[in-house]
Amino acid sequence: MKITSFSVNGTNSFGVVTGDGIIDAKPLAGGPQTLRGAIAAGALDVIAKAAEGKAADYSLDEIEFLPVIPDPDKIFCVGLNYRSHVTEGGNRPEPEWPMIFTRYPNSQVGHLQPMIKPKASDKFDFEGEMAVIIGKTCRHVSEADALSVVAGYSCYNDGSIRDYQRHTS
């Protein structure tokens, strides 16, 4: 199931993406008002079942895509997570451990929304990423159980100011 957050006429919702458009899932979710809330409530299966065979409520032309989870609790990112990305940065050793950094909810953009280049730099860079959406509160999850806390995956567009990144290690 493909699911997204969106806005239509200034009202935010979330829905199931179909070949014809979007089925508004908020009325199907049984209470949660956001996709994050629906995931936390375990309502995705209910939404999937209720959406089966239902016609789209909105065409893709009628909606504005929001970030998939517009109100995340945390956004953790892993930097320099493949060799060619390490070498493109110049003379830098391959990291021994994952390089973790954060993003903030207001720095996200939805599908087809513009990323704004800051005036502070001309070294604006962007790259496609894969986002893993954790759907359950967890801590110290074993490798064998890791996928049990994943609610889904999404494409994610990451924008960075490269010259500012090089100001520190």
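This is a predicted model: local features need pLDDT of at least 70, side-chain atom pairs count only at pLDDT 80 or more; totals for chains, interfaces and linings use all residues.
Local features were considered at pLDDT of at least 70 and side-chain atom pairs at pLDDT 80 or more, whereas totals for chains, interfaces and linings use all residues. Residues are numbered from 1 along each chain as its sequence is written, and side-chain values use heavy atoms, with hydrogens and water left out.

Secondary structure was assigned from DSSP runs numbered from the N terminus, with helices (H or I) of at least four residues and strands (E) of at least two. Helix H2 spans residues 44-51, and its buried residues are Leu44, Ile47 and Ala51; buried denotes under 20% relative accessible area, exposed over 50%, and partly exposed the range in between (1.4 Å probe, protein chains only). Viewed down the axis of H2, these buried residues fall within an arc of 60 degrees and therefore line one face of the helix, the arc being that of the directions from the helix axis to the C-beta atoms. An α-helix has 3.6 residues a turn, so residues three or four places apart point the same way. Asp45 and Lys49 are exposed on the face of H2 turned away from its buried side. The packing partners of the buried H2 residues are strands S1 (3-8), S2 (11-17), S3 (22-24) and S8 (150-161), together with helix H1 (35-40), contact meaning heavy atoms within 4.5 Å.

A nonpolar core was defined as a set of buried Ala, Val, Leu, Ile, Met, Phe, Trp, Tyr and Cys residues joined through side-chain atoms within 4.5 Å. The largest such core comprises 16 residues, of which Ile3, Phe14, Val16, Leu35, Ile39, Leu44 and Ile47 touch the most other members. Two or more residues are contributed to this core by each of S2, H1 and H2. Another core, of 5 residues, lies apart from it and includes Phe6, Val8, Ile22 and Ile63.

The structure contains 4 salt bridges, each a side-chain nitrogen of Lys or Arg within 4 Å of a carboxyl oxygen of Asp or Glu. In one of them, the closest N and O atoms of Arg103 and Asp158 are 2.4 Å apart. This pair links distant parts of the chain, with Arg103 in the loop between strands S6 (99-102) and S7 (124-134) and Asp158 in S8, 55 residues apart. Both Arg103 and Asp158 are buried. Lys74 forms a salt bridge with Asp73, at a closest N and O separation of 2.7 Å. Lys74 is exposed at 55% relative accessibility, and Asp73 is exposed at 55%. For the salt bridge between Lys117 and Asp122, the corresponding separation is 3.3 Å; Lys117 is partly exposed at 40%, while Asp122 is exposed at 68%.
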